[in-house]
Amino acid sequence: MAKTVLITDDTAFMRMTLRNVIEKNGYDVVGEAGDGEEAVSLYQELKPDMVTMDITMPKMDGITAIKEIMKIDPQAKIIVCSAMGQKPMVIEALSAGAKDFLVKPFDAERVVESLRKIGS
Amino acid sequence: MDISSFKDVFAAEARDYLQSLNEDLLSFEKNPGDKETVDDMFRAAHSLKGMAGTMGFDELAEFTHEMESVLDLLRNQELEPTIDVINILFRSVDTLEILLEQTISEEPITPVREQIVALEALVRKTSVSERPDQQQDTAPLSVELDEFNRETIKQAVAQGYVALAVKVVLRANTILKSVRVYTVFQAVEKVATVIQSNPSVQELEEEKFDNSFILTILTKEPPESIQNIVENISEIDRVEVAVLSNENGKQRMADEVETAPLETAATKKQGLTQTGPLAPAPVVRQHRPEALVRVETERLDKLINLVGELVTSRTQVVEMAKGDDSIGALDQLDRVTTELQYAAMSLRMVAIKQVFDRFPRMVRDLAQASGKDIDLKIFGEMTELDRSIVNQIGDPLVHLIRNSIDHGLEPKDERVAKSKPATGTITLGARHEGSHILIEISDDGQGLNLEKIREKAIERGLLNPGHGELSVEEAGDLLFSPGFSTAQAVTDLSGRGVGLDAVKSTVESLSGTIEIESEPGQFLRTIIKLPLTLAIIKALLVVADGETLAIPIQAVRENIQVEHSQIKTVQQHSVIMLRNEVLPLYDLAECLGFEPLKVDGPLPVIVVEIRGQKVGFVVEDLIGQQEIVIKSIRGILNDIRGIAGATVLGNGTIALIIDNSTLIG
């Protein structure tokens with residue numbers, strides 16, 4: 001069965017491009033969250049195999065969301081997505097439990113590599 | 001990846017961000033201490049950058065990156081929000097808008113270098129002092145273990161550990177190398193202890209290495225397992241693992257170590273292990289309505305059309321079932337479809353906010369240009385009305401507001417001399433009234449100058465010389481007549497002598513009316529009254545030459561019965577006297593090219609107001625008032641004089657809808 005992915009980003013556009021890449025490569029996008037709060041609640045509901053997590057978001061930022069999800073499921077596989085110049089945040093996210101990171105603008109191959117390696 | 005198909009979504013969302021940048025900037029200017037606003041703006045610029053980068057819109061990405069840098073400085077209070085800074089940001093938003101539209105429409109991009117330089121200058125101003133001295137020390141290339149580590153290894157081996165050298169080569173295009181190194185450390189440290197790193201941890205953090213580094217680790221895991229763990233990290237080109245000989249602690253791979261060329265970039269130091277405390281999660285204002293879905297307007301129109309058809313066939317079915325047992329079940333169908341109809345209609349409704357939103361910025365700019373202090377007050381911006389009306393009402397409002405700024409509000413000193421507040425106030429508001437929406441634009445300026453309007457009207461031949469004093473109403477009517485302008489000088493803003501009549505005709509084309517109220521010297525208020533929707537209207541159904549026709553109720557003033565004996569002929573045209581006014585009569589059937597009416601008895605006449613003039617239409621019969629769903633007529637039947645569209649009635653027959661304004665004359 002295809003691995004399931006939850007996409008988290010506050011822009012519909014980014015969610016759409018990610019979904020496009022992810023689905024083309026045989027993964028199943030089971031949900032999209034527009035902010036951290038939504039990601040946490042969708043994670044509980046959908047129990048996805050993997051999560052992509054934007055950092056800068058309204059309501060609840062990605063780092064807080066990663067911490068919350070790790071509390072719920074210490075085995076959660078989260079890929080943090082950042083823009084250039086967010087290095088300290090990425091490190092914070094990784095130490096909070098994110099398993100890998102992606103830098104925008106996304107390179108499709110990198111997205112797939114990340115999913116493959118994290119998902120294995 | 002192929003993302004060209006996402007361009008529409010990109011465009012829509014990018015425009016939203018631009019709008020919110022504009023709004024935030026305005027409120028930031030008023031309240032520069034507000035951190036939430038800056039955070040909001042930063043996020044908007046940041047998101048735009050990410051989106052533009054993904055679309056491959058490099059110019060846009062570069063530009064938003066510069067804006068983001070400035071906003072970041074503001075956010076961290078490293079840059080003072082002076083008026084200069086704010087003005088540069090305003091101009092940047094304008095530039096961004098042009099850039100965005102050019103990018104979306106694939107027009108050639110206007111160079112934005114100048115604006116980028118202005119933004120960069122802001123960033124440079126603050127960052128010069130912070131730039132760390134360039135360090136010129138060289139990375140230690142020795143892979144030799146020091147005495148301490150050699151001793152550590154000896155002891156660890158005695159306890160069953162193995163010492164390994166792990167050479168990790170990152171892919172050449174790795175982004176954020178230091179963070180990638182961090183993930184390697186994270187993974188390795190789960191199963192091993194890192195006792196040495198070449199280059200040093202600090203140099204790795206500062207990205208002062210080429211693409212490879214060597215870790216010396218102690219572990220109980222077999223070398224293959226370590227190899228696997230590291231290989232399973234992203235962006236790793238290759239991994240070599242070697243067991244260190246425990247006799248001398250020398251690495252066997254020493255000969256493979258490359259000379260790591262120094263990166264001289266003066267990147268800001270950012271510790272891997274000692275990252276600064278994160279800013280607390282920002283509290284976000286909820287100005288963006290949640291849970292919105294973007295739908296193509298065409299699909300909405302189709303849905304509404306179908307609902308219209310459903311409603312019609314429901315009426316047919318209900319009529320057929322009258323007196324039948326099934327009427328009970330049909331009650332339910334009736335109720336549900338009615339509700340469905342209202343729900344579908346509500347999809348067409350949008351808040352007038354989307355029109356009002358552009359005005360704070362416009363008023364700010366015009367106020368600056370005219371040297372007047374102006375306070376714009378907006379109310380009722382969430383008032384909803386039909387999307388098609390919203391799309392067309394923007395320009396008339398722009399015109400009226402410009403008029404208020406240019407002609408209405410007096411210059412500052414003049415206001416003070418009149419003991420008015422130095423700051424002029426323009427109020428823009430909307431509210432519902434029955435099945436109408438009222439939009440009101442008022443200013444506390446000089447109001448209508450009745451005398452000047454009278455003189456001008458006489459000069460233009462709109463009034464007879466020697467015409468007496470004007471009432472406010474008359475003056476208002478004159479202002480809206482074609483070719484009238486009282487502007488003393490043609491300015492950049494308005495006053496080219498066209499406009500107010502165009503405003504009026506736009507409003508009338510939306511089945512609306514426009515009125516002026518004024519107290520000379522005190523205020524001017526313009527009230528636009530529009531129907532909530534153009535899709536459903538109330539109409540009076542009449543019969544002419546056997547055809548059922550619908551006359552929009554808006555224009556209907558009254559219905560009367562006329563005896564043949566009352567009809568007189570003036571200049572070969574039939575008229576009657578109605579309350580001491582001459583009312584021209586037309587045969588509706590004849591106007592539409594049908595067979596003229598021939599009846600002996602009293603004639604039903606519908607009195608309709610067309611362009612301020614009352615006329616009577618003689619009809620064959622009067623059916624009554626009904627709500628009808630307007631269907632436009634397309635193709636070759638488009639633009640028939642006197643016909644605005646058609647509708648399907650409850651009994652299934654089609655009725656043409658009369659367009660009063662083009663029916664006669």
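## A tour of two chains

To begin this walk through a predicted model, select Pro105(A), which sits in the loop of chain A that runs between strand S5 (100-104) and helix H5 (108-119).

Moving over to chain B, select Pro199(B), which is placed in the loop between strand S2 (192-198) and helix H8 (201-205) of that chain.

Is Ser419(B) buried or exposed? Ser419(B) has 6 C-beta neighbours inside 10 Å, and it therefore counts as exposed, because the cut-off for an exposed residue is 12 or fewer.

The next selection is Arg579(B), in the loop between strand S16 (573-578) and strand S17 (581-587) of chain B. Arg579(B) also has a positive phi, near 45°, although this residue is not glycine. With 5 C-beta neighbours inside 10 Å, Arg579(B) counts as exposed.

Now display both chains together and look at where they touch, a contact that takes 35 residues from chain A and 31 residues from chain B. On the side of chain B that touches chain A, the elements that give two or more residues are helix H1 (7-30), helix H2 (35-55) and helix H7 (177-188) of chain B. The largest share of that side, eight residues, comes from H2(B). If you colour this side of chain B by residue class, you will find 15 nonpolar, 13 polar and three charged residues.

For the last stop, select helix H3 (residues 58-75) and helix H4 (residues 83-104) of chain B, which pack at an angle of about 160° with their axes 10 Å apart. H3(B) and H4(B) are therefore roughly antiparallel to each other, because angles over 145 degrees are counted in that way. The crossing of H3(B) and H4(B) is left-handed. To see which side chains belong to this packing, show the residues that meet, among them Leu60(B), Phe63(B) and Met67(B) in H3(B) and Leu89(B), Leu96(B) and Leu100(B) in H4(B). By class, the contact of H3(B) with H4(B) has eight nonpolar, three polar and one charged residues.

How values were computed
Residues numbered from 1 in each chain as written. Chains lettered and ligands numbered in written order. Predicted model: local features only at pLDDT ≥ 70, side-chain atom pairs only at ≥ 80, totals over all residues. Helix = DSSP H or I, 4+ residues; strand = E, 2+ residues; numbered from the N terminus. Buried ≥ 20, exposed ≤ 12 C-beta atoms within 10 Å, placed from the backbone. Contact = placed C-beta atoms within 7 Å. Nonpolar A, V, L, I, M, F, W, Y, C, P; charged D, E, K, R; others polar. Axes fitted to C-alpha atoms, helices over the stretch in contact; angles between N-to-C directions. Parallel < 35°, antiparallel > 145°, perpendicular 65-115°, else oblique. Left-handed = near helix turned anticlockwise from the far one by under 90°.
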